[in-house]
Amino acid sequence: MSGPAILTLAAIAKAFAGIHAVRDVSLAVGRGRILGLVGENGAGKSTLMNIIGGVVRPDGGTMLLDGAPYAPASPGEASRAGIAFIHQELNLFSNLTIAENIFLNDFPQRRFGPFSLIDRAAVARQARALLSEVSLDLPPETPLDRLSPGERQLVEVARALRLDARIIIFDEPTTSLTARETERLFALVARLREAGKSVIYISHILTDVAALADDIAVLRDGALIEAGAKAQFPIARMITLMVGRPIDQLYPPRKSAPQAAVLLEAISLGATGIIRDVSFALHRGEVLGIFGLMGAGRTELARILFGLDSHETGEIRVEGRRLPARSARASIRSGIAFITENRREEGLLMNGTVAENIALAALPRLAITPAELIEQGRIRSAAGALAEALNIKTASLDAPAKSLSGGNQQKVVLAKWLLCRPSVFIMDEPTRGIDVGAKYEIYSIIDRLAGAGGGVLFISSELEELLAVCDRILVMSRGEIVGEFARAGFDRGRVLAAAFREAAA
Amino acid sequence: MNRALYDRVSGYLLRHAAAIIFIVVFVYFGLAADNFLSAENSLNIIKQASFTGVIAVGMTFVLLTAGIDLSVGSNMYVSAMTVGYLLQIPGLQGGFGVLAGIVAGLATGALFGAINAACIVYLRITPFLVTLATMVAGHGLVTAITQSFGLDYPAAFTSFGAASILGIPIPVAIFAAVVAAAHIVLTRTPFGRQLYAVGNDAEAARKAGIATDRIIFSVYVISGLCAALGGVTLIALVGRLNQTFGVGKEFDVITAAVLGGTSLFGGVGTAFGAVIGSVLVQMVQAGMVFVKVNLYLQPMVLAAVIFIAVFFDSLRGARLEKLKRRFIRMDAPNEPGASAGKEIANPP
């Protein structure tokens, strides 16, 4: 790092219940520089950022902000000191306007006799200025619920600028953004740097970190492994440092090949405004990828296939038998499993134990007829076997699901479905937000499922993983299938072109 | 094309469901009963609605935070009793004495609300259970103190209840003032806007540095104050406190707030909604008398109106969900090949 530091951490340490989350981390953030912070889940990135952001207090060590001692006791104190933390789940209110979200904590006010009311003219004027700084070309009175995820993120940045933040922390900012929105965010981050702000950028997408950061810091097991200028950290080296051992491959080899039998078939599926004329067949032993940009209708298609949403035309067949419309129960009975992109909200009971979560979907099967009582012993043995087979890292089967890392939570979701012995797996962004090592394991599981005669519908916006793992890729754009590529014809550029409809008329 | 028009019209209808039902009911009774639209009857409906309406404004504050206050009817009773006992004192039966009695009644209501608030904010008990308990406790307290004897109010006080300012009855004037003040607080003060944020997502509001506890505390005090105001003005009109005073009022009040478009799940609602809701309920009740609906069937008719309004509200919720889903694709103009998005929304 060159130039003076704005924030210096010295020997910061934090333990939760005796387990070191952060140990002896010393790190400097340069003025007007972008620090890329990388590490696997559980490496201590969040804890470290929470210490800087005033959410938790360190057990040891000191911080200097602009040369002065800095020890925030609350998020409010940190933000007054000029540190803005943009969380992965945005802190915005959908029932308020853009301007109200920006000024929520300190509205410009005007006195009317004994009362002081919000000065709407000043709010609008100042909001417009802030929105133009983040190049969001919308009236400040626009209700927030009309904004896309990317636009909301810009509002959050505008709020940070309003607080005159000197250091802005981004935690996985691009997970729900379109390619275009990501580009816009990167341009904005670069402009923030030009304006002398410092940025700490946390992401699992290492290509983004490599493109954006001036400096890189790698954390592993709570300790700082190495930090320095970006030039010293090619992506392969970042991965080696993060994982602690060289990984020759990011993806396991595909071991089995698809068979001729059709498992799941969609015939001219259509739903007004959602998808149109979608037809494809998923074969036994096949990993079929679905690629598309944000809003292409991939998740919507998955929900229709699984029977969560209705379709107006066409039909869905499983092993030749037609599925009744909009019945998730019928889908589960005919052997479809749905692993959603939103495991926190839809896939898991976060306060339930690992064993309870695994047993959830198969409870009727585990119950002792005829009274349908649940026998704890059978649940535990079934859950234990799967936890071992999938290599779920947990303190015990009785640990709450929320105590697990993202990758292990995803394995719990998989285990839950495996207990129902499905043949068709619909996976919607199964590797989103999980680290390199856990991704590798998920890919291996997918390969094994296909090898055992299952069919996997693998929906992802990370083209690299689809190219590596799938036998065939379908490309969706605006609700339609606009391209199909067999493994022999995989080509990054052509798949992307199809997704952007550059090739299509 | 037709579909777009249909979407716009139905969207408009759903957004303004409360106002439209209001107009339909108004026009129907106006045509069906000769004297329904007379100035006298209209004023009477508004006057009758103002007692419920004032309390519904306070309830709107509570509902906006996704809370609920079941104790408003009981609070009316306690506050009215406080006024009644003070005004039994011979020295307080003049003008200033009445004023002092009213202030004491309102203070009692605010204190009642503060007890609710303290249990909810500091003891972290669910608002539903806290206010259910204080509803029973409040009624029990008055029964214990009055030994279930009725209480009469001096003439100086009841004449205040029947008085008018510039031809507008006092209860209506108070209602108007409360609505105006609530509207300004909700739309033009940081407190009001933060209230909506808390109702939308309390956890996010806390993370954003909003003093959520202070806000939640305040809304129950406001609701208590409004309940007392409704109770004091109503008892001034009635003139005699008996055991049924305020019983079941919480349901009228919540009904009025919800009919006016306030969501039970927080974050959605306005002060004017309380006006529309309370007047609508009163209008239906008065109208049924005019068109001579069987007395025993009247509750069923009122139930039907409530059902229709709530049903529209739930349709609106489902539709907004759908619109949001479609909006994902309306983001398209920034992306290449933008025109395709519209094509799908309106298939040729």
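How many bridges join strand S4 (residues 60-65) of chain A to S5(A)? In this predicted model, two bridges join these strands, and they run antiparallel. Within the pairing, Leu64(A) stands opposite Pro69(A) in S5(A).

S4 and S5 belong to an open sheet of four strands in chain A, with the order S2-S1-S4-S5 and antiparallel pairing. Strand S2 (19-30) and strand S5 (68-69) of chain A are the edge strands; each has a single partner strand, so one side of each is left without a neighbour in the sheet.

A second open sheet in chain A is formed by six strands in the order S18-S21-S22-S15-S23-S24, and its pairing is mixed. The edges here are strand S18 (336-339) and strand S24 (480-486) of chain A, each with a single partner strand, so one side of each lacks a neighbour in the sheet. On average, neighbouring strands of this sheet are turned by 20° against each other, direction ignored. S18(A) and strand S21 (residues 424-428) of chain A run parallel and are joined by four bridges. Ile339(A) has Met427(A) in S21(A) as its bridge partner.

| Helix | Strands contacted | Angle |
|---|---|---|
| H9(A), residues 298-306 | S15, S18, S21, S22 and S23 of chain A | about 150° with S21(A) |

How values were computed
Residues numbered from 1 in each chain as written. Chains lettered and ligands numbered in written order. Predicted model: local features only at pLDDT ≥ 70, side-chain atom pairs only at ≥ 80, totals over all residues. Pairing = 2+ DSSP bridges. Axes fitted to C-alpha atoms, helices over the stretch in contact; angles between N-to-C directions. Contact = placed C-beta atoms within 7 Å.
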